[in-house]
Every structure is written in C-alpha cells, then in structure tokens.
Amino acid sequence: MLGRNTEWRQGDLLTDEQAHAMGLVECLGSTHCVVLISHDCDLASDRELFVEVIVGSLVQAADPMFANARNPRSLHARFVSEANGDMYVELRHVDRKQVSKALFAKSGPRDGNFLLPADEKRTLKQWLAARYGRPAFPNAFENRLRKTVGKKPVENRIAKILAPESSHLVALFFDLGWDIAIELEEATPYFLSISVVYDATQGGPNARASAEQGASELQMLFEHAYGTVDTATEIALDACSAVADTFMTLADLRKVSQWRLEYISL
C-alpha cells in the first residue's frame, strides 16, 4: 500500500515479478532492474497519481565516469546485499517510466534483497536534480571548447585527462565570471578559472595528488589549444587548481558552474 505508512522509499528496487506484472520488463530473469525514483513525499501524497521508476540495466562494475552523478544522463548505482554482495545498475533518464499509483499499490512489498546505501541514495538524488538544475554555458564558449587539437576536440581531451583520476574527483567547476550568460564576439576571449575538486576525506593524499596531476595537464592542454592568458583570443585559462571539497564554501559554489562533457548550452 502507498500513503503515509508505506514502506516504499526512493531508491527501492522492484522485484522481478513486480516489474514484469506492470509491463516494465518483457520477461522474468532479464538483465533489467527497476528502481523507484519518486520522492518519498510524493509516494505518500494523495495528489500524486503516478509513481516514477527507471528501468535500469545490470552492469558488471561501476564506470567511474558514470558514478557520483558525474554524467547528467547516465548513473551507475551500487546496491548492496549481505548475502549476494554488490550489484551495479545503470540508470538513464531516457528509461524513466510512469506507473499508476493504483496499479503500483497492488504490487506488494519492495525487493529487500538489495538495498541502496545512504551515500548512493544521496548521489541518486543529486543526479535526478542535476537534469534540470545543471547550468547551460554560452554557445560561443561551448563551440570554442570543441576546437580540434590533433584529431580530438578539447572537451574530449578534458575527459581523457580526468578519466584516470576520476575515482578521487568530486567535480570539475568552471568559473566564467560575468560572462557566464554572454555570447562573446569572435576574438574576445572568455576568461576561465577551473577548480578540480577532490574528495579530501575519503581520498586523502592520493586524491590530492590525482587532482593536482589533472589540473597540471588541463593547464597544458588549454595553453596548447588557446595560448597563454595574455595571448588567447578564444579561452584564456586564468587559473586551474586542485581544491579539496572540504574547502569549497557555499559562496564558492554560487559563483561557479559544474561542467560535464555532455552539457549542452541553451
């Protein structure tokens, strides 16, 4: 049953039988796994007529580039079980479905074999919110990030630089100052500051070293692609530094925008 006393919570799994009965998976024993993503309050509210789920796919292990809400379109979530170990599920926004509450209420109790840990549930919430809350950078800025260096655009080279260090990184933040909402004319550079934020609590010295390595390589990439801050006419990298997440303040976060490879400007 749904309502105030329901045991269902955001991040819970449906059993294979429940998912099949609701028509969310084609057959029993598939490689799909259905995750409830409706907010807890919406599950309890009589005004909400539908329940939202995502039909996920089982993966062997989490790809760091799809963990910790780094990618706006896909998330690799880790579910845990005392008896069966960890299970990894790939969630994609395009695989969201709605189920009527009347039908869902008849489904019975949730799947208790695998649970979403508290830290993974926080990540799930951040990932769901990021779909609508992520920033949109100016078209001119993103077009300049697509400048080809060698055979690959700069934005892809950024991802390649950070991929080996991604397990220690929390986020990559771009600060364009007042130009964040301005389409600058040709030959007028965007002055950019980059913060490579790392997990100081869990990662310690290794995380700091990884972030500093990534920041150093990004500095070289931007200077190679656009020139130094004094000569650049497209993007002038004013600063690029490794920053511990424990040092990022709310005031800092209000100034900067998180950058992801798949962000598309308005």
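## Glu 120

Glu 120 is buried, with a relative accessible area of 15%; buried means under 20% relative accessible area, exposed over 50%, and partly exposed in between (1.4 Å probe, protein chains only). The residue lies in helix α4. Helices (H or I, at least four residues) and strands (E, at least two) are DSSP runs, numbered from the N terminus. Leaving aside neighbours within four places in sequence, Glu 120 is in contact with His 76, Ala 77 and Arg 78, where contact means heavy atoms within 4.5 Å.

This is a predicted model, in which local features need pLDDT of at least 70 and side-chain atom pairs count only at pLDDT 80 or more, while totals for chains, interfaces and linings use all residues. Residues are numbered from 1 along each chain as its sequence is written, and side-chain values use heavy atoms, with hydrogens and water left out.

## Overall fold

The chain has eight helices and eleven strands. Its C-alpha atoms fill a box of roughly 65 × 40 × 35 Å, taken along the principal axes. Of the 266 residues in the chain, 44% are buried. Among contacts between residues at least 6 apart in sequence, 71% join residues at least 24 apart.

## Nonpolar cores

In soluble globular proteins, nonpolar side chains tend to be buried together. A nonpolar core is a set of buried Ala, Val, Leu, Ile, Met, Phe, Trp, Tyr and Cys residues joined through side-chain atoms within 4.5 Å. The largest nonpolar core here has 34 residues, and those with the most contacts inside it are Leu 145, Ile 158, Phe 174, Ile 194 and Phe 222. Two or more residues of this core come from each of α5 (139-145), α6 (154-162), β8 (169-175), β9 (190-198), α7 (200-226) and β10 (235-244). The most is given by α7, with eight residues. Apart from this core lies another, of 17 residues, among them Cys 33, Val 35, Ala 77 and Phe 114.

Not counting residues up to four places away in sequence, Leu 145 touches Pro 153, Val 154, Glu 155, Ile 158, Phe 174, Phe 222, Tyr 226, Ile 235 and Trp 259. Leu 192 is in strand β9 and counts as buried at 0% relative accessibility. With the residues up to four places away again left out, the contacts of Leu 192 include Phe 141, Phe 174, Phe 222, Ile 235 and Leu 237. Leu 192 and Leu 2 are 190 residues apart in sequence and 49 Å apart in space, C-alpha to C-alpha.

## Aromatic pairs

A pair of aromatic rings is described by the distance of the centres and the angle of the planes. Rings of Phe, Tyr and Trp (its six-membered ring) pair if their centres lie within 6.5 Å; planes under 30 degrees apart count as stacked, over 60 as edge-to-face and the rest as tilted. By this rule there are six aromatic pairs. The rings of Phe 137 and Phe 174 have centres 6.1 Å apart and planes at 55 degrees, so the pair is tilted. Phe 137 lies in the loop between α4 (118-133) and α5, and Phe 174 in strand β8, so the pair ties together parts that are 37 residues apart in sequence. At 1% relative accessibility, Phe 137 counts as buried, and Phe 174 is likewise buried at 1%.

The rings of Phe 141 and Tyr 190 have centres 5.5 Å apart and planes at 75 degrees, so this pair is edge-to-face. Phe 141 lies in helix α5 and Tyr 190 in strand β9, so the pair ties together parts that are 49 residues apart in sequence. The relative accessible area is 0% for Phe 141, which is buried, and 0% for Tyr 190, also buried. Ring pairs link Phe 137, Phe 141, Phe 174 and Tyr 190 into a cluster.

## Largest pocket

On a 1 Å grid over the protein atoms alone, a pocket is an open set of points where a 1.4 Å probe fits, with protein on both sides within 12 Å along at least five of seven lines; lining residues have an atom within 4 Å of a point. Grid points are joined across faces, edges and corners, and a volume is the space filled by probe spheres set on the points. About 930 Å³ of space lies in the largest pocket. Of the 31 residues that line it, the closest to its centre are Asn 68, Thr 123, Gln 126, Leu 169 and Val 170. At least two lining residues are supplied by each of β3 (74-81), α4, β8 and α7, and α4 gives the most, with six residues.

The lining divides into 13 nonpolar, nine polar and nine charged residues. Here Ala, Val, Leu, Ile, Met, Phe, Trp, Tyr, Cys and Pro count as nonpolar, Asp, Glu, Lys and Arg as charged, and the others, Gly among them, as polar.

## Positive phi

Asn 68 is found in the loop between β2 (50-59) and β3 and is partly exposed, with a relative accessible area of 40%. Its phi is near 55 degrees, a positive value in a residue other than glycine. Ala 187, in the loop between β8 and β9, has a positive phi of about 75 degrees although it is not a glycine. Ala 187 is exposed, with a relative accessible area of 53%.
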